[in-house]
Amino acid sequence: MKIKISTKNFEIRNISMEDYPRILEMYNDVGFYSEATGVYKSITLTQLEEIQKKSLKEKNFYCGIFKNDSESEFLGCVSGKVETGVKTILWISILMISKKHLRQKIATTTVEQLIHFFKKEYDITDVYVTVSALNKVANIFWQNIGFKRIQYLWSKRNSSVQYKKLIYLYKKVVYYS
């Protein structure tokens with residue numbers, strides 16, 4: 001799935017192999033990003049590539065967020081998928097913004113632009129996210145931009161026996177013509 005979305009300050013586009021080291025840095029900052037990624041220990045570039053290969057199935061996407069005035073300034077990344085059936089649903093599975101770019105409305109604008117893009121391209125009706133109950137900042141973020149908490153789920157942490165509480169959040173797409 002090809003994605004290229006331009007905003008006033010940044011661009012959301014498919015990642016390339018050159019972007020992996022920057023994404024790997026975020027994944028390996030497990031103290032800060034583990035509840036966003038579901039990865040709780042440092043990984044190698046090869047392991048990240050495997051995660052991405054699994055993610056990039058039909059109608060899945062993995063995009064980098066890059067500053068407009070700099071081809072290489074990496075602001076973050078977002079991934080998810082479109083599911084079609086009775087309804088067409090956008091799932092956002094990962095949204096990470098680099099620490100130095102937090103609190104600049106990049107995440108909010110990214111979500112708004114993705115909803116607009118997928119409404120136009122796939123006529124999505126709903127957007128879902130799953131967030132760790134431990135990730136208080138993410139829970140507040142998603143609720144502040146109009147997502148409603150709909151369900152709790154206990155999930156196994158990777159291959160360990162630890163379980164964590166997940167929260168499903170939902171937003172009905174009622175605009176974006």
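Predicted model: local features only at pLDDT ≥ 70, side-chain atom pairs only at ≥ 80, totals over all residues.
Reader: Which residues of helix H5 (residues 136-144) are buried?

Author: Residues are numbered from 1 along each chain as its sequence is written, and side-chain values use heavy atoms, leaving out hydrogens and water. Helices (H or I, at least four residues) and strands (E, at least two) are DSSP runs, numbered from the N terminus, and buried means under 20% relative accessible area, exposed over 50%, partly exposed in between (1.4 Å probe, protein chains only). In H5, the buried residues are Ala138, Asn139, Phe141 and Trp142.

Reader: Why do the buried residues of H5 line one face of the helix?

Author: An α-helix has 3.6 residues a turn, so residues three or four places apart point the same way. On the other side of H5, Lys136, Val137, Ile140 and Asn144 are exposed. Seen down the axis, the buried residues line one face because their arc (of the directions from the helix axis to the C-beta atoms) stays within 160°.

Reader: How many disulfides does the structure hold?

Author: A disulfide is a pair of cysteine sulfur atoms within 2.5 Å. The sulfur of Cys77 is 9.6 Å from the closest cysteine sulfur, in Cys63, so that is too far for a bond. The number of disulfides is zero.

Reader: Is Lys148 buried or exposed?

Author: Lys148 belongs to strand S7 (residues 148-156). With a relative accessible area of 53%, Lys148 is exposed.
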